[in-house]
Amino acid sequence: MNDFLPEDTIEEVRQHFDLVEVISGYTSLKKAGRNYTGLCPFHSEKTPSFTVSPEKQLYHCFGCGAGGNVFSFIMSQENLSFPEAVKFLANRAGIPLPERQLSEEGKKIKILKEELAEINELSMKYFRQALFKTEMGKKALSYLTGRGLDKEIINKFQLGYSLPQWDKLINFLKSKGYSQDNILKAGLASRSERGSYYDRFRNRIMFPIFNQQNMVIGFGGRVMDDSQPKYLNSPETILYNKRKSLYALNFARFQMRERDQALVFEGYMDVIIAFQKGLENCVASLGTSLTEDQARLLRRNASKVIIAYDSDTAGEAATWRGLDTLSSAGCRVKVAQLPPGQDPDDFIRKKGINTFHEEIVKKALPLIDYKL
Ligand SMILES: [Zn+2]
């Protein structure tokens, strides 16, 4: 994959950036003689052992041994491959990259991915309009505020609402020039047995799912009453692979790294309410059986992982499998225990975030004790 990036372009990108400036976006650096020092962004520490040399444009950590140049720094901080890191920085610098020579098939996939990403982005905006600007949306908005969410957090997570009709979103997207087929491929439409298309999400609170580059790759939709299914998610698409994503990782990874600790919830609402209360190292697994890919994502950002599932699912076989997967990935796993019948969202709203932290997070049991 490397070959489509000419050496001189890579060099141009490298020279464009001052490493001190780039790293300052991740940890604060202080001048110390010829170098700069700060707390290491790769491991958790209280006294600085991380050094950046402006002359050599290299960094090194005497604590954990991390070291390298601007590319290796971005690769590990942003979880990117080398070509992706070059692209990431080139974008930021406004340096054009030569198009990679793709096969015909590869070109088609690339174009389709771009179009599905546009469809997702537009749909997210449409759902937000519906939440804030329609009569039906008022009910959804008051449902959210009734559950304790404020405007700021609703905006941060870009929550929205899907109208109850069968064709609102499809018609909107068609009016923007997108085909029913691609709306189906984006996972926003379903097709009936007779072959007609209809909106997959209707009368639901909409939670966009972002990848780590903040691109919308899918959605979760939650009902506001007791109808079933309570949650409906996007199907697998060429953008959304459920086994490889963690909800809110795009927001949570910074605090995860800082604390070297990740908190894993089951659902969207748990994460959002926790963020609103200032607990920002949490993600949702959207299912209880954590996959190997999800475990690796967590391990890249934190070595300690605390699972805080709803009390009634914590003991399920799927949960146990997920815990073992996490241990195998090298995470130190703890399991938080909630009072019977409660989920983290309930608990935080009723007892407050401090009590949640003291009573639930801090008292989480190491996996081995939990199993006994
Ligand atoms: Zn370090």
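Q: Which residues are the protein donors of the zinc ion?
A: In this predicted model, the donors are Cys-40 (SG), His-43 (ND1), Cys-61 (SG) and Cys-64 (SG). They lie 2.1 to 2.3 Å from the zinc ion.

Q: What geometry does the site have?
A: Tetrahedral, with angles of 102 to 119° among the four donor atoms. Ideal angles for four tetrahedral donors are 109.5 degrees.

Q: What spacing do the donors follow along the chain?
A: The spacing is C-x2-H-x17-C-x2-C.

Q: Which parts do Cys-40 and Cys-64 tie together?
A: Cys-40 sits in the loop between strand S2 (35–38) and strand S3 (50–53). Cys-64 sits in the loop between strand S4 (58–61) and strand S5 (67–68). The pair therefore links parts 24 residues apart in sequence.

Q: Is Cys-40 buried or exposed?
A: Buried, at 7% relative accessibility. Cys-64 is partly exposed, at 38%.

Q: New topic. What is the strand order in the open sheet of four strands?
A: S6-S9-S10-S11, with antiparallel pairing. Strand S6 (160–162) and strand S11 (231–233) are the edges. Neighbouring strands are turned by 35° against each other on average, direction ignored.

Q: How many bridges join S9 and S10?
A: Six, between residues 204–210 of S9 and residues 216–222 of S10. Phe-207 has Gly-220 in S10 as its bridge partner.

Q: Where does H11 lie?
A: Across S9, S10 and S11, at about 75° to S9.

Q: Why is H11 largely enclosed?
A: Because eight of its nine residues (268–276) are buried. Among them are Tyr-268, Met-269 and Phe-275.

Q: What follows H11?
A: Gly-278, with a positive phi near 95°.

Notes. Residues numbered from 1 in each chain as written. Predicted model: local features only at pLDDT ≥ 70, side-chain atom pairs only at ≥ 80, totals over all residues. Heavy atoms only, no water. Donors = N, O, S within 2.8 Å, 3.2 Å for Na, K, Ca; no water. Tetrahedral: all angles 85-135°; square planar, octahedral: opposite > 155°, others 65-115°. Helix = DSSP H or I, 4+ residues; strand = E, 2+ residues; numbered from the N terminus. Buried < 20%, exposed > 50% of the residue type's maximum accessible area, 1.4 Å probe, protein only. Pairing = 2+ DSSP bridges. Axes fitted to C-alpha atoms, helices over the stretch in contact; angles between N-to-C directions. Contact = heavy atoms within 4.5 Å.
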